[in-house]
Amino acid sequence: MIIECTNCHSKYQYDEDRFERKPSKKIKCAKCQTVFEIHNPAFAAPEAKPKSDVDSTASRHDDTQHRKIPKPQETTEQSPLPTPGTGQSAIKPQLPVGKRLSLAIIDGPDAGSVYRIEKPRVTIGRANADLTLNDTEASRQHAAVEVRDTIYLLEDLGSTNGTLLDGRRITETTELVDKAEFVVGGSTLMFIVTDES
């Protein structure tokens, strides 16, 4: 079944077996972190016909006045991240085919150097990182860029000074776009996506 976030309207493929015979479940949207409730179609009233997306919220409201829905247990699970345009879940980190991904250091002690991303998860920091910065303001393991085909994610690894994207400190894994600039310590990096020649 396809489920949709009530806040940002991201769509996800959801396996009905994951309801574990419960009438409903709480899901956390991977994109905007909103917790919303989804209902098991197996528990729908037998006379109810499939409804379109437009009137489902109104009619679901009417249904609840005529029948008692057992109170769901508080089980919130993280929904898988969607792959844009398909409604399918991106299963595991992987590099996209036909794209070259790079991190260019545009400000800071290492300004001018470019790092080519050649694996799905790259750590950035002062020591023991895939991309090592000569930056005393950066933590040893400061941030990570994770690639899930055409979805690019930036994560702060609990750094002292934080990771800034568009001037704001990120508190959770955040999606990156081509030419996005982010700050690690005293260094500004740009994430670049180009087509393979």
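**Exercise 1. Find the volume of the second largest pocket and describe its lining.**

Step 1: The volume comes to about 370 Å³. A pocket here is an open set of points on a 1 Å grid over the protein atoms alone, where a 1.4 Å probe fits, with protein on both sides within 12 Å along at least five of seven lines. Grid points are joined across faces, edges and corners, and the volume is the space filled by probe spheres set on them.

Step 2: Now look at the lining, meaning residues with an atom within 4 Å of a point. There are 15 of these residues, and Lys31, Glu172, Thr173, Thr174 and Glu175 lie nearest the centre. Strands S13 (168–169) and S14 (174–176) are the elements that give two or more residues to this lining. Strands are DSSP runs of E, at least two residues, numbered from the N terminus.

A word on the model: it is predicted, so local features need pLDDT of at least 70 and side-chain atom pairs pLDDT 80 or more, while totals for chains, interfaces and linings use all residues. Residues are numbered from 1 along each chain as its sequence is written, and side-chain values use heavy atoms, without hydrogens and water.

**Exercise 2. Work out which strands are joined to S15 by bridges.**

Step 1: Start with S15 itself, residues 180–184. Its covered face has Ala180, Phe182 and Val184, while Glu181 and Val183 make up the uncovered one.

Step 2: Strand S12 (residues 163–165) runs antiparallel to S15, with three bridges; strands pair if DSSP finds at least two bridges between them. Here Leu164 stands opposite Val183.

Step 3: S16 (residues 187–195) is also antiparallel to S15, this time with five bridges. Phe182 faces Leu189 across this pairing. S15 and S16 form a hairpin with two residues between them, and Gly185 in the turn has a positive phi of about 60°.

**Exercise 3. Say whether Pro93 is buried, partly exposed or exposed, and list its contacts.**

Step 1: Find Pro93 in the loop between strand S5 (76–78) and S6.

Step 2: Pro93 is partly exposed because its relative accessibility is 34%. With a 1.4 Å probe and protein chains only, buried means under 20% relative accessible area, exposed over 50%, and partly exposed in between.

Step 3: Leaving out neighbours within four places in sequence, Pro93 is in contact with Pro120, Glu146, Val147 and Arg148. Contact means heavy atoms within 4.5 Å.

Step 4: Asp149 is 56 residues away from Pro93 along the chain, yet their C-alpha atoms are separated by 6.9 Å.

Conventions
Helix = DSSP H or I, 4+ residues; strand = E, 2+ residues; numbered from the N terminus.
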